[in-house]
Amino acid sequence: MNGFRITAIVLAAGQGKRMGSAIHKQYLLLRDKPVLYYSLKVFEDSRIDDIILVVGKGEQKFCENEILNKYGFHKVRAIVEGGKERYHSVANGIRAISWDCQYILIHDGARPFVDNEIIDRVIDEVQISKACVAGMPVKDTIKISDEDGYILKTPTRSSVWQVQTPQAFDRNVIADAYSNLLSEEENMSAAGITVTDDAMVVEYFMKIPVKLIQGSYKNIKITTPEDLRIAEILLE
């Protein structure tokens, strides 16, 4: 028992256009099970108390029958419809939490290789910092370019991380951050600011430091057909 309640929001509302498939990437079969199954299974068997599953429009019944009931996921308390952008889907997931919980983990359902060690590290750290994300130091040299593709600078590789999920936050911190985002989204769009992850929302609106903790190089996001082939190899 944690002594506090933790809810995971698992995002499965993406269309996966880069996959080039009529089937959304989270429902593609990896071995003999949907990609989404694997992350849900890990959260089901973890210290997480409750799960909110965020899916595409009209997909609630399909997920209930073909994933939750079929594979016996009992921690999923609600299936909610996503929004136009990823951050809309996260906001819908936060709003769907009608029970008391102290911490919220947000995870991309297209990352099937999250594991209990990552989840435990995230849960342990969020109690200290109130905001943390899984990630790994980059292996390649990174270049910052200008609009014409010329190199502007080369950041020190040891300070550059590739960010993953889950990302974990004190409930009040992430709820306030997203409330501010929804109030300011038109202004941010006009300024050319694109929201790419949850940590960015907290950084921008809450002005509190977000801790990076070790994820795994295995914790890939399936976005392209090549990723699905890599995932097949990782399952071996």
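**S39**

I started with S39, which sits in helix 1, residues 35-44. I'm working from a predicted model here. Is S39 buried or exposed? I get 0% relative accessibility, so S39 counts as buried; the cut-off for that is under 20%. Next I asked what S39 touches, leaving aside its neighbours within four places in sequence. The list I got is V10, H107, G109, R111, P112 and V114.

**Helix 4**

I moved on to helix 4, residues 116-129, and checked its length. With 14 residues at 1.5 Å a residue, helix 4 should span 20 Å, and I find its end C-alpha atoms 20 Å apart, so the two agree.

At the start of this helix I looked at D115: one of its side-chain oxygens comes to within 3.1 Å of the backbone nitrogen of E117.

Which residues of helix 4 are buried? I noted I118, I119, V122, I123, E125 and V126. Then I looked up what covers them: the cover includes helix 1 and strand 1 (6-12), along with strand 6, strand 7, strand 10 and strand 11 (211-214). Helix 1 is where I began, with S39.

**Helix 6**

Helix 6 runs over residues 198-206, and I listed D198, A199, V201, V202 and F205 as its buried residues. They take up an arc of only 155° around the axis, so they lie on the same side of helix 6. What do they pack against? I found helix 3 (86-95), strand 6 (103-108), strand 7 (131-137), strand 10 (161-170) and helix 5 (171-190).

At the start, a side-chain oxygen of D197 is within 3.0 Å of the backbone nitrogen of M200. Just after the helix, K207 shows a positive phi of about 55°.

**Helix 5 against helix 6**

Last, I wanted the geometry of this pair. Two packed helices are described by the angle between their axes and the distance between the axes. For helix 5 and helix 6 I have an angle of about 85° and axes 9 Å apart. Angles of 65 to 115 degrees count as roughly perpendicular, and helix 5 and helix 6 are therefore roughly perpendicular to each other. On the helix 5 side, the contact is made by V173, I174, D176, A177, Y178, N180, L181, E184 and M188. Helix 6 brings D198, V201, V202, Y204, F205 and M206 to it. I noticed that D198, V201, V202 and F205 are also among the buried residues of helix 6.

Key. Residues are numbered from 1 along each chain as its sequence is written. This is a predicted model: local features need pLDDT of at least 70, side-chain atom pairs count only at pLDDT 80 or more; totals for chains, interfaces and linings use all residues. Side-chain values use heavy atoms; hydrogens and water are left out. Helices (H or I, at least four residues) and strands (E, at least two) are DSSP runs, numbered from the N terminus. Buried means under 20% relative accessible area, exposed over 50%, partly exposed in between (1.4 Å probe, protein chains only). Contact means heavy atoms within 4.5 Å. The arc is that of the directions from the helix axis to the C-beta atoms. A polar contact is a pair of N or O atoms within 3.5 Å; within protein, one must be able to donate a hydrogen and the other to accept it, and residues adjacent in sequence count only if both atoms are side-chain atoms. The expected span of a helix is 1.5 Å times one less than its number of residues. Axes are lines fitted to C-alpha atoms, for helices over the stretch in contact, and angles run from 0 to 180 degrees between N-to-C directions. Angles under 35 degrees count as roughly parallel, over 145 as roughly antiparallel, 65 to 115 as roughly perpendicular and the rest as oblique.
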